[in-house]
Amino acid sequence: MLVVFLRSNDDDKPDAYTTAASKRGFESFNLPLLRTQLSSNALQSLLNNPSKPQQTDAIVATSKRAIESLSNAWSHIGSTLQKSWTQKPFFVVGPSSNQPLEQLGFHPEGSETGNADDLASFIIHHEARPSRILFLRGDKTLDTLTKRLSQHTDRSITVESLVVYETVSESVELVRQSLMDLLSAHQQQTWISFFSPSGVSILLQFRNEWKHKVWIACIGQTTKKALVDVGVEVHAVAQSPNAESLMTAIIEAQIINAN
């Protein structure tokens, strides 16, 4: 049996979804629908502004892509300015961000928080009491952290957001060809697993080529609704947004349909 996950590979190996599928005897592939474009030029200009370190109390990044963009710009920053920037507190949400920042000379904090909301609380109560924050973000990054910080009443906190990467859709034709190649090469029961409504809109453009060949799984009721609304039958829905829950739902659906 084959499972096609409509997602990118995990940055950290092993990939959680293909690993979970393999443990249950499934062959699986990740088929990315989105890709990231780093945009470091504006960040490079900002970091090279000699007055900017004095106007900034701390830096925040909540994704690896933002840190990758910073790394790309870093070699173009003068050593004196690099030293000024690395003296600033740098707040992150996960431990995987620590090493690349430490290699640049920063001392990341907050990696134990795990999400933007908890990181906002961490920043608010930090001993440095930063009030002017530079937030390195993507174009699709939610405003959770910005809203929490700007609405804090104990003191005024200003957040300067800078988009340092963009998320764009893969070519529909590229996705179509990749999926059809997988279906042609694996003449067996196949599941397609959707992770977001945007994935639904992309595959909907060539649904007649796959709708009678596969079973459908998804993560989340919002994604399920997007599928049902366009007439696609959903056979399995994960109870939680993780690989184990998704594979459990798929196996349970197979058992039910086999009886």
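How many cavities of 30 Å³ or more does the count come to? The count comes to one cavity of 30 Å³ or more, where a cavity is a set of points, on a 1 Å grid over the protein atoms alone, at which a 1.4 Å probe fits but from which the probe cannot get out. This is a predicted model, in which local features need pLDDT of at least 70 and side-chain atom pairs count only at pLDDT 80 or more, while totals for chains, interfaces and linings use all residues. Residues are numbered from 1 along each chain as its sequence is written, and side-chain values use heavy atoms, with hydrogens and water left out.

**The chain as a whole**

- The chain holds eleven helices and eleven strands, both taken as DSSP runs numbered from the N terminus (helices are H or I with at least four residues, strands are E with at least two).
- Along the principal axes, the C-alpha atoms of the chain fill a box of roughly 65 × 35 × 35 Å.
- Of the 259 residues in the chain, 44% are buried, a word that stands for under 20% relative accessible area with a 1.4 Å probe and protein chains only, whereas exposed stands for over 50% and partly exposed for the range in between.
- Among the contacts in the chain with a separation of 6 or more, 72% are between residues 24 or more positions apart, a contact being a case of heavy atoms within 4.5 Å.

- Six strands, in the order β3-β8-β7-β4-β5-β6, form an open sheet with mixed pairing, two strands being paired if DSSP finds at least two bridges between them.
- The edges of this sheet are β3 (34–38) and β6 (108–109), each of which has a single partner strand, so one side of each is left without a neighbour in the sheet.
- Strands β7 (residues 132–138) and β8 (residues 158–169) run parallel and are joined by seven bridges, and L134 stands opposite E160 in β8.
- Helix α3 lies across β3, β4 (58–61), β5 (90–91), β7 and β8, and runs at about 30° to β3, where axes are lines fitted to C-alpha atoms, for helices over the stretch in contact, and angles run from 0 to 180 degrees between N-to-C directions.
- Within α3 (residues 64–74), the residues A66, I67, S69, L70, A73 and W74 are buried; they cover an arc of only 155° around the axis, which puts them on the same side of α3, the arc being that of the directions from the helix axis to the C-beta atoms.

**The five-stranded sheet**

- Five strands, in the order β2-β1-β9-β10-β11, form an open sheet whose pairing is parallel.
- Here β2 (27–30) and β11 stand at the edges with a single partner strand each, so one side of each is left without a neighbour in the sheet, and the twist averages 20° from one strand to the next.
- Strand β1 (residues 2–5) pairs with β2 in the parallel sense over four bridges, and the bridge partner of F5 in β2 is N30.
- S28 lies in strand β2 and counts as buried because its relative accessibility is 16%; leaving aside neighbours within four places in sequence, S28 is in contact with L2, V3, F5, T18 and A21.
- Helix α10 lies across β9 (190–194), β10 (215–219) and β11, running at about 145° to β10.
- V232 lies in the loop between α10 (221–229) and β11 (236–238), and counts as buried at 9% relative accessibility.
- Leaving aside neighbours within four places in sequence, V232 is in contact with R207, W210, I216 and L227; V232 and R207 are 25 residues apart in sequence and 9.1 Å apart in space, C-alpha to C-alpha.

**Pocket and cavity**

- The largest pocket holds about 1,100 Å³ of space, a pocket being an open set of points with protein on both sides within 12 Å along at least five of seven lines, and lining residues being those with an atom within 4 Å of a point.
- A volume is the space filled by probe spheres set on the points, with grid points joined across faces, edges and corners.
- The lining of the largest pocket has 29 residues, of which S8, L34, T36, R65 and T167 lie nearest its centre.
- To this lining β3, α3 and β8 each supply at least two residues, and the largest share, four residues, comes from β3.
- The largest cavity has a volume of about 30 Å³ and is lined by L43, L47, I59, L70, W74, F90, F106 and L136; the elements that give two or more residues to its lining are α2 (41–47) and α3.
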